[in-house]
Amino acid sequence: MGFGDILLQAALLVLDPQVLLTALLAGMFGMFVGAMPGLTATMATALLVPMTFFMDPIPALAAIVSASGMAIFAGDIPGALLRIPGTPASAAYVEDSHRLALQGKLNMALGTNLLVSCIGGLFGVGVLIAAAPLLAEFALRFTSYEYFWLATLGLSCAIFIASADPLKAGIALLIGLAMATVGLDPTTGVPRFTLGQVDLMAGVEFIPAMIGLFALAEVMRGVIRLNHNAPPPPMPAGEGALFKGVGGVIRRHPKNIVRGSLMGTLIGALPGAGADIAAWMAYAVSKRFSKTPEKYGKGHVEGLVDASAANNAAVGGAWIPALVFGIPGDSVTAIVIGVLYMKGMNPGPTVFIQNPQLIYAVFMIFILTTLMMVPLGWAAVKASRQVLRVPSRVLLPIVLSFCIVGAFAMTNSVFGIVIMLAIGLLGWVLEENGFPVAPIILGLVLGGMFERMFMTSMIKSGGDLTAFFERPIAAGLGICVLLIWGMALLGAVRRMGKGRGTA
Amino acid sequence: MKITDAVSGALLIALGLFMFWQASLFPSFGGQPYGAALLPSILAGGFVLGGALLILRDVMARRQAAGGPLVSLVPELRQGTGMAALLAVLGNVLAQIWVAQSLGFIPVSVIGLSVLFLVLRLRPWVALALAVGTSMACWWLFAGLLRVPLPRGILDGVL
């Protein structure tokens, strides 16, 4: 099959009216969820998956791509209007965008967010399109040793790069990996930790667990923190057309856009680190290299440009390891991998050879939804004043309802609800005590592959650990992992020494 | 629920020991040195080590500054509607697990959501209208469009 044929087939898959309509509706849903404070892009995806379960692969992926991208932009809207970021990815520059709004530049700030998000998103997709097929060709030669190290590298990044407290992140990751061992063992078929429950033989259902961690736990936190006496926050007025003055901002900061997009894509592609961290790091780098760092946090547009480009670029970047290796770049792609497995489209380099039209269809959907972000975002900004008046006490119970039916739909039994409740409660308690929950989902998703590759390698080598370093790429990856761990341990020992010195 | 790191550390060690014990019961196969117990045992070791480090860190921090109680409630739970709202949310989920099979999804959802909305201080008629609207929307979307077998319960003949 020639490349032209592949593109034609992919275009036919994408231009199906059902796919386009799904992408549009999911995009509107993503805009809404992202714009509501307390509801995150991951939650939008988790709530959407039970519905995509019943669709063909392409509309299902279109829905997820569309919703997650839109939600990341939409998080900027309440950030500017209310100084409350709609999603964690918008938290880095909320101070700047809100102050701009107070200075009467609301539309300029949001217009910049929107256009720069779109440019950043396209940049991330561009890198995805260019890099993924090349990497896939390379990855075809990988054996269980390379995959073992890749999975370990991903898990290590989640602990050391993406979290403030590596010890707690590591424990969260162990919890996820331990959950992944529940059910029939992949190598010997022995049931493990099933507590005598037949339902647990197949393992912990992934989507109900996701809904529990990212939606139910969030609802619990939300209803507990509702403060009935607080007056509705005032919203600054927006004047003039949305994109007025935005062209000037973009012309003045081309370097920031490129830098933010590049950083966002790279950080997104790192397993375990997603749009949130991309935005924080791009903002910090922007401040570091700016001529006017003192203006940051006081209504300065420069950091906003870097970070808004970065968080949307990360959305595309996160798909690179997900599609090529089956290793999620962030929590949203962790869900995507779950969905791909459910659809029988096992992520990995072979998809690029067996079903290239599906991969190119995903690329096209990415471009399409990123462009769609501009009109949808414009409408969302226009509607946001009314939408943001919907109080949390109305919204949270509705989200709860969708959690319950969504979890039920994944197993067609109350067992899905049971898993959602158990894991939601666990996630809530852990998060209240400073344990991050994203590593749990990473462990749960990667656990199966990690164990399969580990066991295959151990059996092949007869337990000889040096075999893990015999192939060149495996050795390179293994050394990277050891370096990350070594540096982290060294840092911890030094900190402990310092702590003693001051005591 | 706020749990001090020392207590969570102890819980993690207990979990690790439990996993060790369970893993030691997994059958092994002759001629196959690595079996179902290998990864769970490694993870169990991780839990024991992680738990011990958490305890160590907490004890060292407590030497420098007096720590709070070992287990306490999240402060928001003691204020306003916090506790009632949390119980209402959990009640909704538990009712769908235990009661919905016999009573049906819609009645359980309407009653449960009304209670939750009332706890969150919505006016009664608004609460009821929202509860009915949300339940019907979920039913229409999941049972109607997506053909999910949500329990019909007492409304079996009606729907």
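How far does helix 1 (residues 5-25) of chain B reach from its first C-alpha to its last? In this predicted model, in which local features need pLDDT of at least 70, side-chain atom pairs count only at pLDDT 80 or more, and totals for chains, interfaces and linings use all residues, the helix, with 21 residues, reaches 30 Å, close to the 30 Å expected at 1.5 Å a residue, where the expected span is 1.5 Å times one less than the number of residues. Residues are numbered from 1 along each chain as its sequence is written, and chains are lettered from A and ligands numbered from 1 in the order in which they are written.

Helices (H or I, at least four residues) and strands (E, at least two) are DSSP runs numbered from the N terminus. Within helix 1 of chain B, the buried positions (20 or more other C-beta atoms within 10 Å of the residue's own, with 12 or fewer for exposed, partly exposed in between, and C-beta atoms placed from the backbone) are B:Asp5, B:Ser8, B:Gly9, B:Leu12, B:Gly16, B:Met19 and B:Ala23. Viewed down the helix axis, these buried residues fall within an arc of 100°, so they line one face of the helix, the arc being that of the directions from the axis to the C-beta atoms. B:Trp21, B:Ser24 and B:Leu25, on the other side of helix 1 of chain B, are exposed. The cover over the buried residues of this helix includes helix 8 of chain A, together with strand 1 (2-3) and helix 2 (38-64) of chain B.

Chain B contains 6 helices and 2 strands, which follow the pattern β-α-α-β-α-α-α-α along the sequence. Its radius of gyration is 24 Å, well over the 15 Å that the globule rule gives for 159 residues, so chain B is more spread out than a compact globule; the radius is taken over C-alpha atoms, and the rule is 2.2 Å times the number of residues to the power 0.38. Of the 159 residues of chain B, 32% count as buried.

Between the chains, 47 residues of chain A are in contact with 52 residues of chain B, a contact requiring C-beta atoms, placed from the backbone, within 7 Å of each other. Helix 18 of chain A gives the most to the side of chain A that touches chain B, with 11 residues.

Elsewhere in chain A, helix 6 (residues 94-139) spans only 40 Å between its end C-alpha atoms, whereas a straight helix of 46 residues would span 68 Å. A kink of about 135° in helix 6 of chain A is centred on A:Gly104, the bend at a residue being the angle between axes fitted to the seven residues ending there and the seven starting there.

Note on methods:
Two residues are in contact if their C-beta atoms, placed from the backbone, lie within 7 Å.
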